[in-house]
Amino acid sequence: QVHLVESGGGLVQAGGSLRLSCAASGRTVSSSVMGWFRQAPGKERELVAARNWSGSNTYFETSLKGRFTISADNAKNILYLQMNSLKPEDTALYYCAAGAFPLSAKIAVVTPSEYDYWGQGTQVTVSS
């Protein structure tokens, strides 16, 4: 079992920044892909960014690259999502997830049902 706990969400004005954290515990996640997803009301859950837990390769939803950065502190088992220049359309519940497939499996990377473990989510609200 892998236990994931997100934190760092909140209310921010447009143009502001937030850093989300996802603390991982339990079975080793060293071979996992770690992803950040988001889900806005009435919309499907979508991938924001993903990376290999133990490497530096990353995958971004194209429109978000440049504003969002995914990183990890492997020693502390924490995954981060730095979000800059936030827009009202970034408002959503943000989740981290772990999946047992390689980052090269592009279809799996973007498919929520392919991930085995999920956190409870942290709300990000961007006001205009």
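Predicted model: local features only at pLDDT ≥ 70, side-chain atom pairs only at ≥ 80, totals over all residues.

Colleague: Which strand does E1 pair with, and in what sense?

Modeller: E1 pairs with strand E3 (residues 18-26) in the antiparallel sense, over 6 bridges. Within that pairing, Val-5 stands opposite Ala-23 in E3.

Colleague: Now the rings. How many aromatic pairs are there?

Modeller: The count comes to 5 aromatic pairs.

Colleague: Why is the pair of Phe-101 and Tyr-115 called edge-to-face?

Modeller: Their ring centres are 5.1 Å apart, and the cut-off for a pair is within 6.5 Å. Their planes stand at 85°, and over 60 degrees counts as edge-to-face. The pair is therefore edge-to-face.

Colleague: Where in the chain do these two sit?

Modeller: Phe-101 is in the loop between strand E9 (92-99) and helix H1 (106-109), while Tyr-115 is in the loop between H1 and strand E10 (117-118).

Colleague: What makes Phe-101 and Tyr-115 count as buried?

Modeller: Buried means under 20% relative accessible area. Phe-101 has 10% and Tyr-115 has 5%, so Phe-101 is buried and so is Tyr-115.

Colleague: Which residues form the aromatic cluster?

Modeller: Phe-37, Tyr-95, Phe-101, Tyr-115 and Trp-118 form one cluster. Arg-45 lies over the face of Tyr-95, 3.8 Å from the ring centre, and over the face of Trp-118, at 4.7 Å.

Technical notes: Residues numbered from 1 in each chain as written. Heavy atoms only, no water. Phe/Tyr/Trp six-rings, centres within 6.5 Å; stacked < 30°, edge-to-face > 60°. Helix = DSSP H or I, 4+ residues; strand = E, 2+ residues; numbered from the N terminus. Buried < 20%, exposed > 50% of the residue type's maximum accessible area, 1.4 Å probe, protein only. Lys NZ or Arg CZ within 6 Å of the ring centre and 35° of its normal. Pairing = 2+ DSSP bridges.
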